[in-house]
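Here is a short note for your review. Please go through the points with the model open beside you.

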Amino acid sequence: VEVFRTDYKPLPHLVTKINMDFVIENGKTTVTSELFIEPNSSVEGGGDLVLDGDESCVKLMSVSIDGKELEKGKEYDLEPQKMIIKSPAPGTVLKTVVEIVPEENTQLSGLYKSGPMYCSQCEAMGFRRITYYPDRPDNMAVFENIRLEADEKDYPVLLSNGNLVDSGKLENGRHFASWSDPFPKPSYLFAAVVGNLGYIEDTYTTTSGREVKLGVYSEKENVDKLHYAMDSLKRSMKWDEDKFGLEYDLDLYNIVAVESFNMGAMENKGLNVFNTAYVLADKDTASDADFERVEGVIGHEYFHNWTGNRVTCRDWFQLTLKEGLTVFRDQEFSGDMNSNAVKRIEDVRMVRARQFAEDAGPMAHPIRPESYISMDNFYTATVYVKGAEVIRMYNTLLGTEGFRKGMDLYFERHDGTGVTCDDFLQAMADANDVDLSQFSLWYSTPGTPTVKYSSAYDASTGVFSLTLEQESKSDKPLHIPVSVGLMDKESGEEVVPTTVLDLKESKQTFEFNVKGDVVPSILRDFSAPVKLMPDSGAVDEEALAFLAAEDTDGFNRWEAGQRLYTSSIFQNMNGKESEKTLQYVFDAFERTLKGEKLDDYSIQAYALLLPTEATLSEEMEIIDPTAIHKARGAVKQKIARKFQNEISAKYEELSGLVEADGELSVDAKSIGLRRLRNVMLEYLCSIKETPEEQKAAAELAKKHFENASGMTDKMAALSALASMEGKGTEARDWALQKFYDDADGYSLVVDKWFSVQALANLPDVLDRVKKLTKHPDFTLEVPNRCRSLVSVFTMNAPAFHNPSGEGYKFIGELLVELDKLNPQVSSRLASSLIRWRRYDEKLGALMKAELEKLKAMKPISEDLYEIVSKALD
Ligand code: ARG
Ligand code: ZN
């Protein structure tokens, strides 16, 4: 069933308090719940109480009031997805008993088993798979007494939200613990973890003096990999106090790492549950990117305590209220901890490659969607990262101080309640005394807006005018902040520093008084999630070359280089290579390689990297993955060959610096060094046409592998080796075997081993991937493992989009099996097939055929059905 945003109705009855008792036995968990029901004072009329419950998961054993069983058909009714209690009196205490089987819950929503532990995932609608309840975020209740009972030897750890209030031994080797959370919360923030776990402990004292006990838990053999998460947590707590004046509010903060987890992590009050991939990290097993992700996600979930938990969403259409805002906060945190400029480049790459792609497909939706069949399908790049870009625009328009004032007012007004995106906007507007009504269109407009620019300089008056014209799916023009700086053409000096232009009309001209002609640097820092393009359609390469060399804004200097690379790649694709463009590309590359105007290794590395195939795809009306791959590869080769000596020299120079760096550390500088050196390695290894070249490339990569300072270098070498053929074959096979053996069964490293092979640039990669699905370590039941091979393969564009259609068929067939196990994972994977209209007729038809087969499949999950049917509409 499709649900619409505008159909929102408040609940006539609220559960204001709940007690629960979990009796966990092997193969059966009995859940007894007491719901304290009150009429909702803001709703007239009363009527029936509707509780959500997923009959495919919970088996109702009894329902009673004051010890009296209710009569079915008379006092209550049961439907597959709900229980209806006929007109309950105020003050009613409803008691239900249900049985669930977490051991058989392969969907990983509700209570399920992962390795040696039972754990829960309730967002968005998993609580109804645990008990009957108004499972929506506008029902806030105190979870007063949550009692967990299990065998003491097998499950020594019993955790839930809030504070531990009681615990003890019971007969037959069993024990229990009771937890109480003083903060009223919606059911999606409930959590329970019961298992045989190890942990590390620490404390953090807040500015106002609250001492908080911190615990990070995992399977016992991984406890030594929890320290980075703990440090990240403390840094997050401090940062939120410094930046937003927000302190933690309970005496306890626990994090549990779980191997089988659908998403990244979950911000349950006082008890975060994490995918192991975002908690576990040590120098031998985690790459720099892994360390950064752990820090970022630990921060993200911690920041949710205020932006999500203390102030939550009224209904699920408002998801970006908490997610967009919290992503913005975690981005700022990561930037502050490492480098803001680098983080911005990484985030923009993500918006362009993933969010723009979503906008250009059948699942395009505004950051606040209008309808859904399965809410889990809307935890998207649009809601999260475009949502964060919208928050960033408030920050740009209001300034850091104005934004902070808005945040303060938002908490002052809404603490302890569930609200809407409109409430957030209103707080921002009122705190700054500005009108944001036009800005609100960002919440209802799907798709990527475009901004076209043209400019003119009048030498007689010294007026430079910049004309901006916007286009979007909105009837009325959007309010788009466009950050602009002007650079003097002659001197290369910045003559107008970054200025935020308020583009509010469909076409608007902005004038500047200058002393000579200038080059505009537009959309600095990617001030709005739009596509910027010249009005004429033709890129001014001379201006780009100028900006790539001179722009005082680091982000736009990087951007100009990327645009030049892009021009050259498309020229190559269309067989119309211009020497001039290539020269600009060479100049930009050379300057960057020399490190002119650069003080940051990471930025230097990113500026030397060509745009990804995914980013290039978004520049094409009809995507040709094979042509993109070829053209990008060709330009890369040209650069590599032209600068082979310089790149080699740089590689050696950096090798010396990496060595001098000593013991591996994950600060921004060391990360940058490795990043830049690995880009050098990538270019050098791309030269492998002749047998001699193959041998040289393989030797270099093998040496890099053997001398790797840690997982980052190891992976860089292994991904180069994984694509080697001819004289490189032996080194490739050796390294893959070695890497696997060294992993020693540790899941997160075995995942990398699968991924690197799925991404290999080899003619028979599909056969290899198919064979790997039969590997004893492969399983569809653990999402990380499934994604590490199968989802990662769909990102290997030339292989997945092979003209034979075999790649699509492989995914289509796998989805049949996967959907029975885990709909959330299957619908995510199916997203790889839905953009069939973006490809040529042949590829499109092959993708469509797979979608049609899936649509006809019976049974099919709601999640998958929504994705495939929207794709075929
Ligand atoms: N709130 C979590 C986060 O962003 C994501 C949970 C998503 N879960 C889901 N089943 N869709 O931190
Ligand atoms: Zn989140």
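1. Conventions come first. Axes are lines fitted to C-alpha atoms, for helices over the stretch in contact, and angles run from 0 to 180 degrees between N-to-C directions. Helices (H or I, at least four residues) and strands (E, at least two) are DSSP runs, numbered from the N terminus. The model is predicted: local features need pLDDT of at least 70, side-chain atom pairs count only at pLDDT 80 or more, and totals for chains, interfaces and linings use all residues. Residues are numbered from 1 along each chain as its sequence is written, while chains are lettered from A and ligands numbered from 1 in the order in which they are written.

2. Helices H4 and H8. H4 (residues 340–359) packs on H8 (residues 554–573) at an angle of about 40°, and their axes are 10 Å apart. The pair is therefore oblique. The cut-offs: under 35 degrees is roughly parallel, over 145 roughly antiparallel, 65 to 115 roughly perpendicular, and the rest oblique. The crossing of H4 past H8 is right-handed. A crossing is left-handed if the near helix is turned anticlockwise from the far one by less than a right angle, and right-handed if clockwise.

3. The H4–H8 contact. From H4, Ala341, Arg344 and Ile345 meet Gly554, Phe555 and Trp558 of H8. Contact here requires C-beta atoms, placed from the backbone, to lie within 7 Å. The contact has four nonpolar residues, one polar and one charged. In this scheme Ala, Val, Leu, Ile, Met, Phe, Trp, Tyr, Cys and Pro are nonpolar, Asp, Glu, Lys and Arg are charged, and the others, Gly among them, are polar.

4. Helices H13 and H14. The angle between H13 (residues 644–660) and H14 (residues 668–685) is about 145°, with axes 9 Å apart. H13 passes H14 in a left-handed crossing. Among the H13 residues in the contact are Ile647, Tyr651, Leu654 and Val658; H14 brings residues including Leu673, Arg677, Met680 and Leu684. By class, the contact has eleven nonpolar, two polar and three charged residues.

5. Helices H15 and H16. The axes of H15 (residues 691–706) and H16 (residues 711–722) come within 8 Å and cross at roughly 155°. The two helices are therefore roughly antiparallel. Their crossing is left-handed. H15 contributes Ala698, Ala701, Lys702, His704 and Phe705, and the H16 side includes Asp713, Ala717 and Leu721. The classes come to eight nonpolar, one polar and three charged residues.

6. Ligand 1. Which residues come nearest to ligand 1? Of the 13 around it, they are Glu123, Met263, Met266, Asp376 and Tyr379. Strand E20 (265–266) and helix H2 (288–303) are the elements that give two or more residues to this shell. Being near means that the C-beta atom, placed from the backbone, lies within 6 Å of the molecule or strand. The shell has five nonpolar, three polar and five charged residues.

7. Backbone points to check. Most residues other than glycine have a negative phi, and most peptide bonds are trans. The Glu123 to Ala124 bond is cis, with omega near 0°. Ala124 sits in the loop between strands E11 (117–121) and E12 (141–151). Lys858 and Pro859 are also joined by a cis bond, with omega about -5°. Pro859 is in the loop between helices H24 (841–855) and H25 (862–872). Ser87 has a positive phi, near 25°. That residue, Ser87, lies in the loop between strands E8 (82–85) and E9 (93–100).

8. Overall. The protein has 25 helices and 31 strands. Its C-alpha atoms fill a box of roughly 85 × 65 × 60 Å along the principal axes.

Key. Two residues are in contact if their C-beta atoms, placed from the backbone, lie within 7 Å.
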